[in-house]
Every structure is written in structure tokens, then in C-alpha cells.
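Colleague: I am new to this one. Could you walk me through the ligands and the space around them?

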Amino acid sequence: MNPTMTRTDTDTDIRHDWTRDEVDALLALPLMNLVYRAATVHRQHFDPNEVQLSTLLNIKQGGCSEDCKYCSQSARYQTGLDNEKLMDPARVLEFAKAAKANGAGRFCMGAAWRDLKDRNLDQLVEIIQAVRDLGMETCMTLGMLTPGQAQQLADAGLDYYNHNIDTSREYYPEVVTTRTFDDRLDTLQNVRDAGMHVCCGGIIGMGESQQDRAGMLHTLATLAGHPGSVPINMLVPVPGTPLGDREMIDPLELVRTIAAARILMPKSYVRLSAGRRSIGEAGQALCFLAGANSIFYGDKLLTTPNPDESSDMELLEKLGMKAAN
Ligand code: SAM
Ligand code: DTB
Ligand code: SF4
């Protein structure tokens, strides 16, 4: 039950040998049975009334060379975003201080890059050290990393690295063509080898099948160690992107995906991520019941809106829940 004892990367008392059939079978359960089972697992490892709050900041906006079909920041799509250069450390620190004052425990910084360029490392190291000095956990998502770059970020004190697999291996080429699923897995291995905690999840609602969602969860649950954080995003359709006019997936599929993630990765923080604005309070409550115990907190994700802090605090209050950090 003690959240400080929930690190999963080195734990051996949880399963990493889930079969694909088992994952398929979980997603096919009647929803009430699935949620009941997930809630039971959740209570064995966490206080079900606590939720971890992480605040996001886009430290380098737009102009990305990749073609991820969901992304507002790809240079290939007209989404109306301005391109910006890597944010000054002093400015990042102001945002981090505000996030801390609002109650966030982790500060997650994203950059619209295909991969990290060595010329940006010094500035990133400065940012990591400044945010750490505030006493917050640090997370970055900067695209692909070499083993040496991962080591330099780890040495600077970066706690988590976010790098999502996004979907199943089979569906991946429908969503991104400028890199492969194996490229993603390679960076995840580099992150792990450097000693950082892994934050890795995906997106639902991009036109994938339930089989694809099972494939994504199977990959996550059979990684060398379960990711410490597993963000489950629901597509936020951004006008101008190839997925900009996709209809919203049934939120009950989000509940189902979260519940299966909780059962497969019992000690991971499962994050109810992008898409919270579209599912209402009852939808979010069901996700918490199904084992989500982390959210992005703050009125903006990277480029799109998120519920504001006061409405999240009201929701937690109504549910009798509190911040875990
Ligand atoms: N460029 C880096 C990369 O791709 O790894 C980091 C930033 S990227 C925006 C971080 C993650 O946000 C993506 O991997 C994807 O899972 C998620 N994401 C991006 N746009 C999204 C959208 N419109 N809806 C839901 N999730 C999204
Ligand atoms: C993750 O899995 N979701 C976050 C974070 N990791 C970097 C990003 C969500 C982005 C949603 C669309 C946007 O705001 O641009
Ligand atoms: Fe967007 Fe990251 Fe893909 Fe670039 S690599 S288009 S920032 S999701």
C-alpha cells in the first residue's frame, strides 16, 4: 500500500510473461467483471483514494520533422501553431514553481523533436537540475535517445523519461511512418539501461481495433520491467492533422483499457492522460475505479486544453480523493 514501495522496474513478484491470449481475454470480459478485478488489484498495491498529479510543459513547440498523424506539432500539418525554440531555463523554472505551488509532485517537460541533438544537452541539464532543486520529480520526453544521451540525462538527475509506443506493433505504420516500433523499443531500452524510470503508454481512439489495444498492452506488460508510469491517452483530435476529424471513441473503451493495464501492471502508476475533458466527471470516476491513479494536472497538456486545476480539485474533493504527492 505504501506508494514509495511501488517502483516496478526491478520488482520480480509481478508477471512479465502475460500471453497475448490472456490480454485479449481480459479486454473481452464483461465490463463490470473487468473493473471489479482491476479495482481489487488496485487496492492490493495502492491507496485507491490517492491520485498522483503531474504537470506538463511544452518546452519546445512545433516544427517537428516526424509525421505522427495525431500530432499538432508535426511540421507536415497546418495546425496553426507557432514554432518556438527550446525554452530558457529561467522560464521553465517559473512554470515549475507555479505547478509545485498548485500541488503537482512531478514536472513533465516535452519537446517536439524526432530525436535529441547533443547541442541542446547543456540547456536541458540546467533545466533538470533547476526543477529537481525545487524538490519535484522530473520527467522529459524529447524523442529518440542514444545510449550516451540517456546516460547524460540520467546523470543530470532526470527521474523519468516518457516515450510512448502509442499503439500495437501492427497498427503503428498506420499512425507513424518516419520511424518504426522497434526504434521506440530501442530508446526505451537505452532509458532503462541508463537507470532512469520509464514512462510509456499509448493513445486509443485512432481507428485501431480492440486487438490493437490488446497488442499495445501486451507489449507494455512484457517489457523487461513494467514502466513505472503508463499514460493512457484518448486521442485529442487536432484540426489540420490527418486524425483531426476522427470521431471520439466510446469512453467505456478507455475504462476497459485502463482496467486491463491495471491488472497487467499492478504496481505501475496508470495515468488517465489526454482526453479527460471529453469524458466528464462520471467517466473520470469510472477510470479511477478501474485503477487509474495518476493524471496530468494543469489547464494545458502540451498544446491542447486540459481541465483547469480548480475543477480537478473539486472533482477529487467530491470523490473523497486526494493528491498522492
Ligand atoms: N516528440 C516526442 C515523442 O514523440 O516522443 C515527445 C512529445 S509527444 C507530443 C508525446 C506523446 O504525446 C506522444 O507519443 C503521444 O502518445 C501523445 N500525444 C501527442 N499528441 C496527442 C493527441 N493529439 N492526442 C493524444 N495523445 C497525444
Ligand atoms: C503522454 O502520454 N501524454 C502527454 C505526455 N505524455 C507528453 C501529451 C499529451 C498531448 C496531447 C495533445 C497536445 O496537447 O498536444
Ligand atoms: Fe509530435 Fe513527437 Fe511525433 Fe514530433 S515525434 S510529430 S512531437 S509526437
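Modeller: The questions below go from the cavities to the ligands, one by one.

Colleague: What kind of model is this, and how many cavities of 30 Å³ or more does the structure hold?
Modeller: This is a predicted model.

Colleague: What is the volume of the largest cavity?
Modeller: The lining of the largest cavity is made by 43 residues. Among them, Tyr70, Cys71, Gln73, Asn164 and Leu302 lie nearest its centre. The volume is about 880 Å³.

Colleague: Which element gives the most to the lining of the largest cavity?
Modeller: Two or more lining residues come from each of β1 (50-60), β2 (106-111), β3 (137-141) and β7 (229-234). The top contribution is four residues. It comes from β2.

Colleague: By class, how many charged residues does the lining of the largest cavity have?
Modeller: Nonpolar residues number 24 in this lining. Polar residues number 13. The charged residues number six.

Colleague: Where does ligand 1 sit?
Modeller: Around ligand 1 there are 16 residues, and Thr141, Asn164, Asp166, Arg184 and Val236 come nearest. By class, the shell holds nine nonpolar, five polar and two charged residues. The space that ligand 1 takes is the largest cavity.

Colleague: How much of the accessible area of ligand 1 does the protein cover?
Modeller: On its own, ligand 1 has 550 Å² of accessible area. The protein covers 89%.

Colleague: Which residue has a polar side-chain atom 2.8 Å from an oxygen atom of ligand 2?
Modeller: Ligand 2 has residues around it that include Asn162, Asn233 and Thr304. A nitrogen atom of ligand 2 lies 3.4 Å from an N or O atom in the side chain of Asn162. An oxygen atom is 2.8 Å from an N or O atom in the side chain of Asn233. A polar side-chain atom 2.8 Å from an oxygen atom is also found in Thr304.

Colleague: What share of the area of ligand 2 does the protein bury?
Modeller: Taken alone, ligand 2 exposes 400 Å². The buried share is 86%.

Colleague: Which cavity is the space taken by ligand 3?
Modeller: Tyr70 and Cys71 are around ligand 3. These two are also among the residues nearest the centre of the largest cavity. The space taken by ligand 3 is the largest cavity.

Note on methods. Residues are numbered from 1 along each chain as its sequence is written. Chains are lettered from A and ligands numbered from 1 in the order in which they are written. This is a predicted model: local features need pLDDT of at least 70, side-chain atom pairs count only at pLDDT 80 or more; totals for chains, interfaces and linings use all residues. Side-chain values use heavy atoms; hydrogens and water are left out. A residue is near a molecule or strand if one of its heavy atoms lies within 4 Å of it. A polar contact is a pair of N or O atoms within 3.5 Å; within protein, one must be able to donate a hydrogen and the other to accept it, and residues adjacent in sequence count only if both atoms are side-chain atoms. Accessible areas come from the Shrake-Rupley method with a 1.4 Å probe; for residues, only the protein chains shown count as cover. On a 1 Å grid over the protein atoms alone, a cavity is a set of points where a 1.4 Å probe fits but cannot get out, and a pocket is an open set with protein on both sides within 12 Å along at least five of seven lines; lining residues have an atom within 4 Å of a point. A molecule sits in a cavity or pocket if more than half of its atoms lie within 2 Å of its grid points. Grid points are joined across faces, edges and corners, and a volume is the space filled by probe spheres set on the points. Ala, Val, Leu, Ile, Met, Phe, Trp, Tyr, Cys and Pro count as nonpolar, Asp, Glu, Lys and Arg as charged, and the others, Gly among them, as polar.
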